Amino acid sequence: MTPGWITTTLLDNDTPGGWAVARSREGFLHDDNGPLFPREWLKRQDLSVFAEHGIGHLDGEPVYLLELNAASDVPGCSWQGLRGFMLQGDHTLYKVLGYAAQIGTWAREHRFCGSCGQAMAKVPRERAMYCQACDLRSYPRISPSMIVLITRGDEILLARSPRFVSGVYSTLAGFAEPGESAEDCLIREVREEVQVEVKNIQYIGSQCWPFPHSMMLGFHAEYAGGDIVPQADEIEDAQWFNIRELPPLPASRSIARYLIDLYLARRLGHAEPVLPG
Ligand SMILES: NC(=O)C1=CN([C@@H]2O[C@H](COP(=O)(O)OP(=O)(O)OC[C@H]3O[C@@H](n4cnc5c(N)ncnc54)[C@H](O)[C@@H]3O)[C@@H](O)[C@H]2O)C=CC1
Ligand SMILES: [Mg+2]
Ligand SMILES: [Zn+2]
């Protein structure tokens, strides 16, 4: 048995047993033991199953996703969105659910060929959908996004979007566009969002962000010039904050929070945090 969570495409839906998670628009089903259920038990519940996907092995046991048409009532269980599992509880289980969500969404959105419109079929032993007419394979979509902490000595640049929880400020982020390097994207996003120039861009680390399919690439950059001008509509407010007087910050498991905590630790001589993958 290999411990931990390993994704796979090798599972056969006709082989009984293993664990299963159930996902609807309301999130994942869970009870007091969490979101993993014995698969055969789950399939006996009154669920409207849209698709079933073998997704991986957890501590050597196969795990399947039951993608549902709608949330239904299962006695003793309730539904919780993926963000709730990200914020608290077992991080490995959150990784299982994050992968399940991305596979479920992608498979649902790639039932038909984007080129000719015919039905696509699952490719055996590969996470891909295939159109025979076009000889076209569609793989799960991952959207690279840059996220950057900009610093100026003891000050850090944080901003808030109108979508954030009230009071919370975070690092700047944005999606890569075709034709850009990671650095090009970072420089463009920072210019667009606050009209500031940066230098000494350093890659720090990455995080899968399955909301719905981002891959966050985290950077540190130093301020090089310009006065903050927040982008209309996108940025409600942006400010330089002294590291000793910070506003409410993003959730502790996010890479945004990690980039901030890492800089604080280095600046103040504290132990460095660990980035949850
Ligand atoms: N894990 C973390 O700590 C954080 C993650 N994020 C994530 O980073 C990503 C980018 O952040 P934002 O500032 O919202 O992006 P952004 O600054 O690029 O603005 C969002 C806009 O980008 C466009 N867009 C949406 N999906 C896209 C895609 N797949 N490719 C290209 N453009 C797209 C839309 O017009 C949308 O309104 C989001 O997924 C967000 O949830 C943002 C901050 C912290
Ligand atoms: Mg942004
Ligand atoms: Zn086609």
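Modeller: A residue counts as buried when its relative accessible area is under 20%, as exposed when it is over 50%, and as partly exposed in between. The model we are discussing is a predicted one.

Colleague: What share of the 277 residues in the chain is buried?
Modeller: The cut-off for buried is under 20% relative accessible area. Of the 277 residues in the chain, the share that is buried comes to 44%.

Colleague: Which residues coordinate the magnesium ion, ligand 2?
Modeller: The donors sit at 2.1 to 2.2 Å from the magnesium ion, and they are the O of Ala173 and the OE of Glu193. Ala173 belongs to strand 13 (residues 172-175) and Glu193 to helix 4 (residues 182-194), so parts that are 20 residues apart in sequence are tied together by this pair. The coordinating residues are therefore Ala173 and Glu193.

Colleague: Which residues come nearest to ligand 1?
Modeller: There are 18 residues around ligand 1.

Colleague: How much of the accessible area of ligand 1 does the protein cover?
Modeller: Polar contacts to oxygen atoms of ligand 1 include a polar side-chain atom of Trp209 at 3.1 Å and an N or O atom in the side chain of Ser214 at 2.9 Å. A polar backbone atom of Ala256 also lies 2.9 Å from an oxygen atom of ligand 1. On its own, ligand 1 has 850 Å² of accessible area, of which the protein covers 65%.

Colleague: Which elements give two or more residues to the shell around ligand 1?
Modeller: Ligand 1 sits in the largest pocket. The elements that give two or more residues to its shell are strand 11 (143-152), strand 13, helix 4, strand 14 (197-209), strand 15 (214-225) and helix 5 (255-268).

Colleague: Which peptide bond is cis, with omega near 0°?
Modeller: Most peptide bonds are trans. Pro212, in the loop between strand 14 and strand 15, is one end of the exception here. The cis bond runs from Phe211 to Pro212.

Colleague: What is the phi of Asp59?
Modeller: Most residues other than glycine have a negative phi. Asp59, in the loop between strand 5 and strand 6, is partly exposed at 40% relative accessibility. Although Asp59 is not a glycine, its phi is positive, at about 50°.

Colleague: Where does Gln195 lie?
Modeller: Gln195 is not a glycine, yet its phi is positive at about 60°. At 46% relative accessibility, Gln195 is partly exposed. Its place is the loop between helix 4 and strand 14.

Colleague: What does the side chain of Gln45 reach?
Modeller: Gln45 sits in the loop between helix 1 (39-44) and strand 5 (49-58). With 19% relative accessibility against a limit of 20%, Gln45 counts as buried. At 3.0 Å, its side chain reaches the backbone oxygen of Trp41.

Colleague: How far apart in space are Gly76 and Asp32, C-alpha to C-alpha?
Modeller: Gly76 is in the loop between strand 6 (61-68) and strand 7 (78-80). Its relative accessible area is 70%, over the 50% cut-off, so Gly76 is exposed. In sequence Gly76 and Asp32 are 44 residues apart, while in space their C-alpha atoms are separated by 8.3 Å.

Colleague: Is Leu36 buried or exposed?
Modeller: Leu36 is located in the loop between strand 3 (27-30) and strand 4 (37-38). Its relative accessible area is 15%, which is under 20%, so Leu36 is buried.

Colleague: Is Ser115 buried or exposed?
Modeller: Ser115 lies in the loop between helix 3 (91-109) and strand 8 (121-122). Its C-alpha is 9.7 Å from that of Ala133, at a sequence separation of 18 residues. With a relative accessible area of 56%, Ser115 is exposed.

Definitions and conventions: Residues are numbered from 1 along each chain as its sequence is written. Chains are lettered from A and ligands numbered from 1 in the order in which they are written. This is a predicted model: local features need pLDDT of at least 70, side-chain atom pairs count only at pLDDT 80 or more; totals for chains, interfaces and linings use all residues. Side-chain values use heavy atoms; hydrogens and water are left out. Donors are N, O and S atoms within 2.8 Å of the metal (3.2 Å for Na, K and Ca); water is not among the atoms, so sites may look incomplete. Helices (H or I, at least four residues) and strands (E, at least two) are DSSP runs, numbered from the N terminus. A residue is near a molecule or strand if one of its heavy atoms lies within 4 Å of it. A polar contact is a pair of N or O atoms within 3.5 Å; within protein, one must be able to donate a hydrogen and the other to accept it, and residues adjacent in sequence count only if both atoms are side-chain atoms. Accessible areas come from the Shrake-Rupley method with a 1.4 Å probe; for residues, only the protein chains shown count as cover. On a 1 Å grid over the protein atoms alone, a cavity is a set of points where a 1.4 Å probe fits but cannot get out, and a pocket is an open set with protein on both sides within 12 Å along at least five of seven lines; lining residues have an atom within 4 Å of a point. A molecule sits in a cavity or pocket if more than half of its atoms lie within 2 Å of its grid points. Buried means under 20% relative accessible area, exposed over 50%, partly exposed in between (1.4 Å probe, protein chains only).
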